[in-house]
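Reader: Hi, I have this protein open and I'm a bit lost. Could you walk me through it slowly?

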Amino acid sequence: MRRPAQRPTLFLSIVFWIFCHVSGTRGALPTSQKCDEALASPLPHTAFTSSSVFSSGYAPGYAKLNRRGGAGGWSPLDSDHYQWLQVDLGSRKQVSAIATQGRYSSSDWTTQYRLLYSDTGRNWKPYNQDGNIWAFSGNSNSESAVRHDLQQGVVARFLRLIPLAWSEEGRIGLRIEVYGCSYWADVINFDGQGVISYRFKVQKMKIIKDVIALRFKTSESEGVILHGEGQQGDYITLELRKAKLLLQINLGEHNQYGSILGHTSVTTGSLLDDNHWHSVMIERYRRNVNFTLNGHTQHFRTNGEFDHLDLDYELSFGGMPYSGKPVGGGKKNFKGCMESINYNGDNITDLARRKKLDTSSFRNLSFTCVEAHTFPVFFNTTSFLQLPGRANHDTASVSFQFRTWNPDGLLLFSNLDDGTLEVSLDDVPPNGQGSGLNDGQWHALRLVAKESFAMLTVDGDEMSAVRSTSPLSITTGGTYHLGGYFLQTPFPPSKRSFQGCMQAILVDDQPADLHAVEKGTVGAFENVSLDMCAIIDRCMPNHCEHGGRCKQTWDSFSCTCDGTGYSGATCYTSIFEPSCEAYKHLGRSSDTYWIDPDGSGPLGPFKVNCNMTGGLLWLEIDLPGCVFQVTAITTSAEHCEQQIAYSCRMSRLLNTPDGTPYTWWVGRGSEKHFYWGGSGPGIQKCACGIERNCTDPKYDCNCDADAKQWREDSGLLTYKEHLPVSQVAVGDTNRLGSEAKLTVGPLRCYGDNNYWNAASFTTPSSYLHFPTFQGETSADISFYFKTSAPYGVFLENLGNTDFIRLELKSPKVVSFSFDVGNGPVELTVHSATPLNDDQWHRVMAERNIKEAVLQLDQTHRTSHLAPAQGHTRLELFSQLYVGAAGGQRGFLGCIRALRMNGVTLDLEERAKVTPGVKPGCQGHCTSFGMYCRNGGKCVERYNGYLCDCTTTAFNGPFCTAGTMVKYNFMPEPVPGASKDSKALPQQLMQNEVNLTKEEVAFSFSTSSAPAILMYVSSKAQDYLAVVLRHNGSLQVRYNLGGLKEPFAIDVDQRNLANGQPHSINMSRHNRSIIIQVQTQHTHAYSETFSYLRF
């Protein structure tokens, strides 16, 4: 509430919040290639109308392409943004293209325009493309025709062109042609009561395949479009819910919770209560479903176990059957129009017209569409609508419906005689009336203010209405501004404008005459689009990838990527490396990491263990993710293996040599395998059968001997195309005395063929070609290169005018350029040092509908924002060329690990059959040899390199990790082994282990301290340790059972961590210890010790 001095004013604020959670889809509605007839030229002059006419010779009837009648085309009286040219096609037509010309032999033409369409000449809908109200480019002279094929064909009777810009030398001038073809469909009007019942030929239907198609339009946000159900709990329902389309399917589940576990619910679309036609198709085969709305398709798989949809009696269109079960939940029937209803080949609308279906629930069945009487008004940031009301009255009463995406805006403003009245949306936390009102839905608002009383009601909720608590004195000023107020006033509104739509406007309880406003006889308006609501849901389809959450305002959208594992403007780029190999070259050590094998592809990230301690880099997966994730790992790996072991007692395994196997395992692709670890595909043997050392030579597996003693068959499965093991079926355990223990180890792989997949380009004209790159709305490219040449094209792909190219433009500059129809865009990054240094460098490029990004070597990065309005689809048709196809600025050098949209291109395989290109790339040690530390030697490999640490005291992929050698004096008995097997360690203990003496000798060299040189442990708390202290001095420590604390012997105070070789000889027998270091110093000690117990 804001008040002038000594004068009351009423200020009511609606508090609300923003939310959006939808699923994204992709697709387009194609237009038939044969649908290309000229539709406007044959029409009579009377089919053309306009907002105004400059003079009789400029009448709209002369606005036909290539005609010279009259003054040679249409021109309006004034050249401003309120003009339009309209054509009535006579009946609904399918429109596929539009062409424009200027006025013949003049300086009058239109350079940019919008296209609106309608069935009735009312409630116009703007043509949308690439997520925006599309602005078509027009003409640059008066004679040449410019044609635009519609990306999404439309069906309409009326078309209206709105000039946005025109010739600077003249005025608006237009001649047009509309291309398309005839359209006809059976239409049924649903009154919210009637339901069409499609009865099956048999009482119960067990349906494995469904194809349902229809078109609908409505001004209601709720309503059941179709429904079918069965006595076993199966059902299918398509309904509008909050102006979105909700499909619910239940094929059943084989347990008592089938109705819950089998339920599948998918939502698509929004703003479907716009009273315009929308097309729907549902295609189901077993559990696989394609759900298409307006050309955008979602693919999903139903929950549950069953493939059939069991329905009883009928399928209902327009609502729930009267005999419906509680699944209906009191849902509203559909109110609006449907056409072209087809179910599994049957034309439902035609059957209803011919009275072949039950339509008895309709009070008055109509086969023409009854149009809703709405007159929407569309506001932007510079709009306002001024309406008259009663002046000098003690009551103000205004009501209307509005919809918006913005969190704030001015809905209503009026100057009172004694103050001001304002109703606004405020972007404040949702703790009061009006929360959630920027969800794009229609919301009803009613304001009544009079002496001592004011009440604001939203969506008819009287319980939450806002009422004034202080005395008021109201004297109306007689004028109301909706959607904006820009006049100078002593007490201006807190908000100046509103972006959104309004309809059903009542002032002083009387409907506003918007037709009179349009003619200029009542009220006033500025930059308002009348009889149209041009709201766009920028989150549908959802361009936020990988589960990113879309949020929007009226003009734009943003993606929240938290918790997805991806980053960027559209959550497209993975934040994880694709493999352990990549982590290794970032300097990481052994650990558990998230990896994303296909980067921006559909596979999600998952955890693996990267073991980098040995010469080979092993990747381990304890619990494999989905089969596609594991397949990506095994496909790119050089080698994979999985340990499998079967311990048995009277439990046969493969039933060798000739029997049917009792046990088998299931691998990739759900394929059964009848070989065991240590053997191979097609060989029904265990490892002992291959090595011919089974305990019973008559069998090829130890367990197949069916012995009463514990036996074991184990080994590695190494055929990676069959891995991982997903199931093991054990069969021979149901006999008395049969026992078995199954152990399946983790999947282990080493090598990354994708990371090292490389090709060498040896001539400037050499290149590799691949299929056309498919990256319409999202594209990412990454690769490594090394070269000594100063320039070269890495890759390019061309379209008619669109293209994409990555290039080394100069020794220090990498360029990423493309054109999606808005003109060429080029991003460049500049390196501080030359890039033609024959070292590997990494390039990453990404383009989406929000931005383009180019990154070099993790340090140099640049980005470019996409235009708010414009083309977004990259349309290419040529092959993808890696290298310069024309030989211009050809690339000389190596490219490896080329990945495009998550798919690694096999450069090596293509290079094998391409002249001038060689598979692989020599000289890895030139680039990576410096990573081999501590004297490690770099060994060149075909697909990478290896640090040889055998001559060093270090380990790990780069010879940087200390090594540890472990020796067990007393091996543990094998689990499940017979009692007789304990004789071996007992024998070792008696014959080989002497607890009263030890002899130790070794040499060492190191530059690190402190360090443990040797440690001998026991099952008790006793130990022996030889260590280097922090200062590099040598110390020997004993801990024996008879001592209260460990006994330490400082052998040499010099710093032995000097990188030089040193030798130690140590001998203890009973009570004497002799320690020799480098044979130069001898220290003898005679003390009383307990026995050292291992």
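Author: Let us begin with one term, because a disulfide here is defined as a pair of cysteine sulfur atoms within 2.5 Å. By this rule the count comes to 13 disulfides. Please keep in mind that this is a predicted model, in which local features need pLDDT of at least 70 and side-chain atom pairs count only at pLDDT 80 or more, while totals for chains, interfaces and linings use all residues. Residues are numbered from 1 along each chain as its sequence is written, and side-chain values use heavy atoms, with hydrogens and water left out.

Reader: Okay, and how many helices and strands are there in the protein?

Author: The protein has 10 helices and 76 strands, where helices (H or I, at least four residues) and strands (E, at least two) are DSSP runs numbered from the N terminus.

Reader: What share of the residues is buried?

Author: Of the 1094 residues in the protein, 51% are buried, and buried means under 20% relative accessible area, with exposed over 50% and partly exposed in between, using a 1.4 Å probe and protein chains only.

Reader: Back to the disulfides, then. How far apart are the sulfur atoms of cysteine 539 and cysteine 550?

Author: The sulfur atoms of cysteine 539 and cysteine 550 are 1.9 Å apart, and the two residues form a disulfide. Cysteine 539 lies in the loop between β37 (529-530) and β38 (549-552), whereas cysteine 550 is in strand β38, so the pair ties together parts that are 11 residues apart in sequence. This link is left-handed, with -80 degrees about the S-S bond, and both cysteine 539 and cysteine 550 are buried.

Reader: And cysteine 580 with cysteine 610, is that link left-handed or right-handed?

Author: The disulfide of cysteine 580 and cysteine 610 is left-handed, because the torsion about its S-S bond is about -75 degrees. The sulfur atoms of cysteine 580 and cysteine 610 are 2.0 Å apart. Since cysteine 580 lies in helix α4 (residues 580-584) and cysteine 610 in strand β43, the pair ties together parts that are 30 residues apart in sequence. Cysteine 580 counts as buried because its relative accessibility is 2%, and cysteine 610 counts as buried at 3%.

Reader: Which hand does the link of cysteine 686 and cysteine 701 have?

Author: The link of cysteine 686 and cysteine 701 is right-handed, with 90 degrees about the S-S bond. Cysteine 686 lies in the loop between β47 (672-673) and α6 (687-691), and cysteine 701 in the loop between α6 and β48 (711-717), so this pair ties together parts that are 15 residues apart in sequence.

Reader: New topic: which residues of helix α5 are buried?

Author: In helix α5 (residues 627-636), the buried residues are Gln629, Val630, Ile633, Thr634 and Ser636. They pack against several elements, among them β43 (606-611), β45 (639-649) and α7 (753-756), where contact means heavy atoms within 4.5 Å.

Reader: Last one: what does the side chain of serine 778 make a polar contact with?

Author: The side chain of serine 778 makes a polar contact with the side chain of glutamate 545, at 2.9 Å. A polar contact is a pair of N or O atoms within 3.5 Å; within protein, one must be able to donate a hydrogen and the other to accept it, and residues adjacent in sequence count only if both atoms are side-chain atoms. Serine 778 is found in the loop between β52 (768-770) and β53 (779-786), and it counts as buried because its relative accessibility is 9%.
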